[in-house]
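Student: I have a structure to look at, and I would like to go through it with you. May we begin?

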Amino acid sequence: MDVIVAKDLTELPAVAEHILKAFEGKRIFAFQGLMGAGKTTLIKELCRQMNVVDVVSSPTFALVNEYFTDKGSSVFHFDFYRIQSVEEAFDFGYEEYFFGEGICLIEWPEVIDTLIPEEAIVIKIEVMQDESRRFSFFVKEMGPPS
C-alpha cells in the first residue's frame, strides 16, 4: 500500500501526479473519505492533469458527469452519496461505464461496493488532527493491509 501525506492543498498536484503515474493504464478509481475530506477537490486536480476541458463539479444529483479530455477521451465522475440501494446503480446502467471505455472516478463507492470491479484502485482520504490529509492507495481485490 502506498501512502502520501499532504500538509495542505498546495501539495494536491503532487498527490494527483503520483496517482496518475503509479496507476497509469488503470481505469477505475474509488475515492473513500468522510464528507469534506477532499474527494471532489482531488478529482478536480486529477482531471486538470488529465487535460479535461470541461468544468468539473460534483455529480451529487446527476449521479454521473461525463467530461472530455483535450484528446476527446471520456472521464466519468460518479457520486453515489445520495443513492439508497445498489439497484439504483443498475437502473442507470453502471456496467456501460465500469466495463466500457473511459476513466471512472467514483465518490462514495462504499454504497455500491459489490459492483466496483476488483481491479479498481481505492484511494482512501483521511483528515488528520492537524488538517493534513493522508492518502492511502491500494487495489480493491487486495484490500488495505491489516
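Student: Is Phe78 buried or exposed?

Tutor: Phe78 is buried, with a relative accessible area of 0%. Buried means under 20% relative accessible area, exposed over 50%, and partly exposed in between, with a 1.4 Å probe and protein chains only. Please note that this is a predicted model, where local features need pLDDT of at least 70, side-chain atom pairs count only at pLDDT 80 or more, and totals for chains, interfaces and linings use all residues. Residues are numbered from 1 along each chain as its sequence is written, and side-chain values use heavy atoms, leaving out hydrogens and water.

Student: How many aromatic pairs are there?

Tutor: The count comes to 11 aromatic pairs. Rings of Phe, Tyr and Trp (its six-membered ring) pair if their centres lie within 6.5 Å; planes under 30 degrees apart count as stacked, over 60 as edge-to-face and the rest as tilted. The rings of Phe78 and Tyr97 have centres 5.3 Å apart and planes at 85°, so this pair is edge-to-face.

Student: New topic: which residue forms a salt bridge with Lys21?

Tutor: Glu17 does, with the closest N and O atoms 2.9 Å apart. A salt bridge is a side-chain nitrogen of Lys or Arg within 4 Å of a carboxyl oxygen of Asp or Glu. Lys21 is exposed at 58% relative accessibility, while Glu17 is partly exposed at 38%.

Student: And what about Glu45, which partner does it have?

Tutor: Glu45 forms a salt bridge with Arg48, the closest N and O atoms being 2.6 Å apart. Glu45 is buried at 11%, whereas Arg48 is exposed at 51%.
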